[in-house]
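Please open the structure in the viewer and keep the selection tool at hand. The stops below proceed from the pocket to the ligand and then to the cavity.

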Amino acid sequence: MSEKTIFGKIIDKEIPANIVYEDDRCLVFHDINPQAPVHVLVIPKKEIPTLNDLEEADDELVGYLVRIASRLAREKFDLEDGYRLVINCGPHAGQTVFHIHIHLLGGRPMGWPPWPG
Ligand code: 5GP
């Protein structure tokens with residue numbers, strides 16, 4: 001059994017988080033280092049380290065997480081001007097926590113492309 005990630009500990013309530021939504025399949029909480037006025041993380045309770053570890057059986061779960069993110073963006077955070085969902089995978093994308101998560105960012109224009117220069 002691999003060691004529990006920080007998000008695994010948040011799921012198990014071993015460390016605190018500012019939780020905005022929870023059900024039997026997912027947890028949503030505020031990012032500790034927000035990059036926008038709204039920055040929450042949508043995570044599955046199932047341990048999946050990265051996008052590369054997704055299996056066909058996870059297709060429905062991933063769709064569910066995206067739909068929860070979209071619903072919260074509109075119904076909880078009133079992001080009627082838009083928002084961005086981000087999933088980082090691996091070192092070039094800057095993934096730091098190896099429990100798959102969707103960043104929901106909003107409340108300011110995001111800019112495109114998403115890199116400096
Ligand atoms: P990644 O870089 O892996 O895509 O995103 C990980 C995110 O988790 C970062 O935005 C980081 O600020 C956030 N994070 C890391 N540790 C904690 C923590 O203990 N609590 C919360 N709420 N967020 C965390």
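Begin with the lining of the largest pocket, which comprises 14 nonpolar, eleven polar and three charged residues. In this classification Ala, Val, Leu, Ile, Met, Phe, Trp, Tyr, Cys and Pro are nonpolar, Asp, Glu, Lys and Arg are charged, and the others, including Gly, are polar. The model is predicted: local features require pLDDT of at least 70 and side-chain atom pairs pLDDT 80 or more, whereas totals for chains, interfaces and linings use all residues. Residues are numbered from 1 along each chain as its sequence is written, and side-chain values use heavy atoms, without hydrogens or water.

**The pocket**

Select Asp31, Gln35, His39, Leu41 and His103. The space in the largest pocket is about 640 Å³, and these are the closest to its centre among the 28 residues that line it. On a 1 Å grid over the protein atoms alone, a pocket is an open set of points with protein on both sides within 12 Å along at least five of seven lines; a cavity is a set where a 1.4 Å probe fits but cannot get out; lining residues have an atom within 4 Å of a point. A volume is the space filled by probe spheres set on the points, which are joined across faces, edges and corners.

Next, colour α1, β2, β3, β4 (83-86) and β5 (102-106), each of which supplies at least two residues of this lining. The largest contribution is that of α1, with three residues. Helices (H or I, at least four residues) and strands (E, at least two) are DSSP runs numbered from the N terminus.

**The ligand**

Now display the ligand, which sits in the largest pocket; that is, more than half of its atoms lie within 2 Å of the pocket's grid points. The elements giving two or more residues to the shell around the ligand are α1 (6-11) and β2 (26-30).

Zoom in on the polar contacts (N or O atom pairs within 3.5 Å). An N or O atom in the Asn88 side chain is 2.8 Å from a ligand oxygen, and a polar side-chain atom of His103 is also 2.8 Å from an oxygen atom of the ligand. At Thr96, a backbone N or O atom lies 2.7 Å from a ligand oxygen.

**The cavity**

Finally, select Val42, Pro44, Ile48, Leu54, Val62, Leu65, Ile87, Ile100, His101 and Ile102, which line the largest cavity. Its volume is about 60 Å³. Both β3 (38-44) and α2 (59-75) supply at least two residues of this lining, which has nine nonpolar, one polar and no charged residues.

Methods. Polar contact = N/O pair within 3.5 Å; in protein donor to acceptor, adjacent residues only side chain to side chain.
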